[in-house]
Amino acid sequence: GVKMKKTAIVVIALFLSINITFAKETSFSQLQQKATNILLNYEQQLTDVETEEEKDLFYKNKKTLEKAVNELQPLINEIKAIKKDTLSNKEKEEIKYLISKFSNLKKISESYIVKDKKIQNIDININKRINFLYSDSNTKNLKEIITKLKETQTNTKLNNFQKFKVLDKIENLIVETTTMPNYCSLGLKINGNIVLLKNYSNKNLDFSSWTNIKKLSSFENHVLALKEDGTVLSFGENRYGECNTANWNN
């Protein structure tokens, strides 16, 4: 009787072991297949909006991407939860590949969301900049810039795809330039970003972190920039403390 019990336990244990292994393999295989199918399906549905002028394509792509992310997220979570020591090296590589593809998909989807927000806010941004330009009598080419912006504002009644091009045009308008003869020339874009126009030095100059700028003032060897929040940025020689602007406000 004891021998039969032991044999039964071994058989049951062996049966459970085979079923657990089979379930693991089936589970991973099914998850992998589902995820792969969703990825293939979304790739076939996407249309290149850069070469098409139809306004609905952007939102069709956005919807496709969001749906794919929502469908894939729980599958990827399940795949990540699988214990690595139960997987073969090939399966581990396949998991890495799927996670990488999903991560890329999410990034593309997020870029569409960001672009959509820009489209929705385009009129607000134009109005804000027009009001700022009106309040600053020193801005160069003021009338011409305001005319361009007003034309652009009228053009925002165009379809959403064309609004992207309009937005790019606005954001690349330079409303002011300034020069430090020993360093460089800078341009203040309509969107508040600084662009390096010319570099007269042998240094690697980077102003990409200078954003939300309202006004520039340059001198022989240094430049000051007033930000929207009232703080002041500085760059250049600081022989006499001329760049000590940390406590400056408005």
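Buried here means under 20% relative accessible area. Keep that cut-off in mind for the first stop. The model is predicted.

**Stop 1: E176**

Select E176. The residue sits in strand β1, residues 174–180. Its relative accessible area is 8%, so E176 counts as buried.

Now show what surrounds this residue. Beyond its neighbours within four places in sequence, E176 is in contact with L186, G187, L188, K215 and L216.

E176 belongs to strand β1 and K215 to strand β4, so the bridge ties together parts that are 39 residues apart in sequence. The two partners have separate labels: E176 is buried at 8%, while K215 is partly exposed at 23%.

**Stop 2: the nonpolar cores**

Stay with L186 and L216, two of the contacts of E176. Which residues touch the most other members of the largest nonpolar core? Select L149, L186, I194 and L216 to see them; the core holds 24 residues. Next, colour the elements that give two or more residues to this core: helices α3 (89–135), α4 (142–155) and α5 (160–171), with strands β1, β2 (184–189), β4 (213–218) and β5 (222–227).

As background, nonpolar side chains tend to be buried together in soluble globular proteins.

**Stop 3: K62 and D116**

Five salt bridges are counted in the structure. Select K62 and D116 for another of them. Their side chains meet at 3.7 Å, N to O. K62 is in helix α2 (residues 56–81) and D116 in helix α3, so follow the chain between them: the two are 54 residues apart.

Are K62 and D116 buried or exposed? K62 has a relative accessible area of 14%, which makes it buried. D116 is buried as well, with a relative accessible area of 14%. K62, E66 and D116 are linked in a network of salt bridges.

**Stop 4: the aromatic cluster**

Select Y183, F207, W210 and F235. These residues form one aromatic cluster. Across the whole structure, a search finds three aromatic pairs.

Begin with F207 and W210. Their ring centres are 5.1 Å apart and the planes stand at 90 degrees, an edge-to-face pair. Both residues are buried.

Turn to F207 and F235. The ring centres are 5.2 Å apart and the planes meet at 75 degrees, so this pair is edge-to-face too. F207 lies in the loop between β3 (194–199) and β4, while F235 lies in strand β6; the pair links distant parts of the chain, 28 residues apart.

F207 is buried, at a relative accessible area of 5%. F235 is partly exposed, at 23%.

**Stop 5: R239 and E237**

Select R239 and E237. They form a salt bridge, with the closest N and O atoms 2.9 Å apart. R239 is exposed, at 63% relative accessibility. E237 is partly exposed, with a relative accessible area of 24%.

**Stop 6**

Most residues other than glycine have a negative phi. Two asparagines are worth a look here.

Go to N212, where phi is positive, at about 55 degrees. N212 is in the loop between β3 and β4. Its relative accessibility is 41%, so N212 counts as partly exposed.

Then jump to N250. Phi is again positive, near 55 degrees. N250 is in the segment after β6. Its relative accessible area is 73%, so N250 is exposed.

**Last stop: confidence**

Colour the chain by pLDDT. The average is 78, and 79% of the residues score at least 70. Where is confidence lowest, and where is it highest? Helix α1 (residues 2–45) is lowest, with a mean of 60; strand β6 (residues 232–236) is highest, at 95. Finish with residues 2–26. Their pLDDT is below 50, and the stretch has three contacts in the model beyond near neighbours in sequence.

Definitions and conventions: Residues numbered from 1 in each chain as written. Predicted model: local features only at pLDDT ≥ 70, side-chain atom pairs only at ≥ 80, totals over all residues. Heavy atoms only, no water. Helix = DSSP H or I, 4+ residues; strand = E, 2+ residues; numbered from the N terminus. Buried < 20%, exposed > 50% of the residue type's maximum accessible area, 1.4 Å probe, protein only. Contact = heavy atoms within 4.5 Å. Core = buried A, V, L, I, M, F, W, Y, C linked by side-chain atoms within 4.5 Å. pLDDT = per-residue confidence, 0-100. Phe/Tyr/Trp six-rings, centres within 6.5 Å; stacked < 30°, edge-to-face > 60°. Salt bridge = Lys/Arg side-chain N within 4 Å of Asp/Glu carboxyl O.
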